[in-house]
Amino acid sequence: MPARPYRCVYWSRQRIDGTPEQVATEIESILTAARRNNAQLGITGALAVGRGIFAQLLEGPRQAVETAFENIQRDERHGDVQVLAFGPAEQRAFPGWPMAYVEPSQIGSQPAASTSTAAVGSTHLEARRLLDIIDSLAVEPQPRRD
Amino acid sequence: MGSVHSIKLAGKPSVQSRERTPLRQVSSKLAAGLALSAFATFDSALAMVAPDGRILMTNPAFDQLFGDISAEDLPTQLQIESWQQAESAERIVPFPNGRSFKIKIMALPEGYFVCAGDITDQLAQAARDARLVRTDRLTELGNQRLLRERLQDLLESSPAVRNDCALLTVDLDRFKAVNDALGRNIGDALLCLVSKRIRSAVSGVDVVTRLYGDQFGIIQIGRPQPEAATILAKRLGDLLSRPYMLEGQLIDVTARVGIAPLAQAATDVDQVMKNADLALNRARQDQSKDYCVFESGMDETVKARRALETDLRRALALREFSLVYQPQFDLLTRRVTGFEALLRWNSPTRGMVSPLDFIPLAEETGIINPIGEWVLRTACRDAANWPADITVAVNISAVQFAHRTLATTVLSALSDIDLDPRRLELEITESVMLDARGTALGVLQRLRSTGVRVSLDDFGTGYSSLGYLRSFPFDKIKIDQSFVRGTLEDPGNRAIVRAIASLGQNLGMATVAEGVETAEHMERVAADGCTHVQGYLISRPIPPEQVAGFLAGNGAQKAACRDDPFLVA
Ligand SMILES: Cc1cc2nc3c(=O)[nH]c(=O)nc-3n(C[C@H](O)[C@H](O)[C@H](O)COP(=O)(O)O)c2cc1C
């Protein structure tokens, strides 16, 4: 067993323009790319989407998490990235999920028309936490950009 | 130079041959044989070409170089036709097979003598070297040299091309702090990530370079300006200011961008780079935006500021500053209880300069420290001549609190002049309390423990956090004049004045209404619960020599004094 996995949790604001269908397509393409790339990097995690907010958990070898995070930073489809946690974790929260999609059904806005098989239920503890992040953020005003 | 004739006779040897070896004594047959074998064994590729371009004779080296090209194609590829006029010439000719040849050609009485060499590798090496000296080793972006050369080229190109170009300079706030705190390796790695983010935001034709340290230069090419550069600057400001993760560290820096469109009158590289720097500086000063486009006025503004700074530095030594005093009036006792010291600068060249025009610059440049000390000492000295129950208030800027010696300066001024600390009142603004490390708070506490009073100035204009009122036991709250003057028109203002007054009452702090100009103002703020007033109604600021007279007369009566164009309080 290698060193303890690193975990990074952040949220960001969605910056995808277009109809709900176009947004859903973009999210689908993010998930496809994520699953393809993450599997190679040895990264697992979950992405929750709702109310114009992304909340993501990435975990894996530290360097791999850093590489993936840097790659995601350059994506124009979101902004105002706020890292909530970054550090070693006891174990993976989403072992076997290159990028789980957390169903936003519980948080009002409709899910991306996702036929994705890799959606986890909101009973999963960390998935629930991602949803909570979205929940609590959605009622806050837009953050200032510093 | 050997004549064509001698070459024809003897091949290689030329000028010196006449002096050294009497070649003419050799039979022409022998000479021809010698020339031929020299031609054959020479290790450069040689050929004889007929006037019509046909290749007559080649040596083995030549065959080795061009053997796989057919005899019909070769003259075309050598481009012999195109330089038939020349007596002799040397050219680099690229071949369709991708290789490059250096070809020398010399006209003979009939036809040409051709000497060729494959310089493909040499050229490639030279290109590599050229690239290397224009590359930043750390980030593998271009370097300053590349940027300057490309700028030079673009400045010399047609207006259509040039007008569609802009130079952007980018730097990172807090980079030095990251470097100091996390070490050079992480600093370097951060610069590499920044480079990659920049690359991901620009188009392929743009030139991306690192100039030095954390400063980057980008030439944007072929886009309408300044719109395109503005869009790119916003994108960079966003992208580069997003968090970085490196070696287990989460790093936040802020990027700022200066833009200099090449279309501007600027004619040389230095000017363009300077313009971008001026814009970058402006972007650094203006906290609300992370980029700025150069405007021709900026240079003037900077020059004007520099001139003001020079004058400001001299003003202290030349005794161009003076203090005037504005009375503070106690509404309950109907007496003047103290004066606020206000700084005046009478410059021989500029005339009266408004504090609004020079204090910000003095703060930025740190000149405020010696000026502030002068104000403090002068005010204490003046106050020492006043009746013992009259206080003097001195404004202290947040910048002065950053100076470690402030407490010592205040205490030594008091003891040198032998003024009761309770007669000195320091007026500070909320910005002083914003200092995160709490050094200001410590200084204030130390001073207050000696008896010095502290009042909170301009209350209501800044953050006006009630937290500040709790974090320090101020003696006075000064309500900004905008609320006092506005009381007549706006019921909201009046509510604010009332709220602050009652807050002061509950916290045991006096409340001073500033900017009281009419009897009506005074009546209202009194009714609203303020304890003191200050403003034209009581008196304009008066010079120190009039203070005694003012106090001797009726305190509430307006003092006759010279016109003061800069009423601050
Ligand atoms: C909110 C969000 C989360 C993303 N998560 C991942 C991820 O976990 N892994 C990944 O490779 N790409 C992720 N991406 C997409 C990347 O930004 C990028 O588009 C993608 O990696 C490009 O992959 P490709 O070069 O293989 O097409 C995410 C994008 C967004 C906006």
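A: First, the ground rules. This is a predicted model, where local features need pLDDT of at least 70, side-chain atom pairs count only at pLDDT 80 or more, and totals for chains, interfaces and linings use all residues. Residues are numbered from 1 along each chain as its sequence is written, chains are lettered from A and ligands numbered from 1 in the order in which they are written, and side-chain values use heavy atoms, with hydrogens and water left out.

Q: How many salt bridges does the structure hold over all chains?
A: The count is 41. A salt bridge here is a side-chain nitrogen of Lys or Arg within 4 Å of a carboxyl oxygen of Asp or Glu.

Q: What does Asp528(B) form with Arg494(B)?
A: A salt bridge, with the closest N and O atoms 3.1 Å apart. Asp528(B) sits in the loop between helix H22 (519-527) and strand S21 (532-533) of chain B, and Arg494(B) in helix H21 (residues 491-507), so the pair links distant parts of the chain, 34 residues apart. Helices (H or I, at least four residues) and strands (E, at least two) are DSSP runs, numbered from the N terminus.

Q: Is Asp528(B) buried or exposed?
A: Buried, at a relative accessible area of 6%. Arg494(B) is buried too, at 18%. The cut-offs: buried is under 20% relative accessible area, exposed over 50%, partly exposed in between (1.4 Å probe, protein chains only).

Q: And what about Arg498(B)?
A: Arg498(B) also forms a salt bridge with Asp528(B), closest N and O atoms 3.1 Å apart. Arg498(B) lies in H21 and Asp528(B) in the H22–S21 loop, so this bridge ties together parts 30 residues apart in sequence. Arg498(B) is partly exposed, at 44%.

Q: New topic. Where do Glu520(B) and Arg524(B) lie?
A: Both are in helix H22 of chain B, four residues apart, about one turn of the helix. Glu520(B) is partly exposed at 39%, and Arg524(B) is partly exposed at 24%.

Q: Which residues do salt bridges that share partners join into one network?
A: Arg15(A), Asp80(A), Asp238(B) and Arg242(B).

Q: Now the one without a bridge. Where is Arg162(B)?
A: In helix H7 (residues 159-163) of chain B. Arg162(B) is buried yet has no salt bridge; the nearest side chain of opposite charge, Asp268(B), is 9.2 Å away. For charge, Lys and Arg count as positive and Asp and Glu as negative; His and the chain ends are not counted.

Q: What does the Arg162(B) side chain reach?
A: The backbone oxygen of Leu262(B), at 3.1 Å.

Notes:
Polar contact = N/O pair within 3.5 Å; in protein donor to acceptor, adjacent residues only side chain to side chain.
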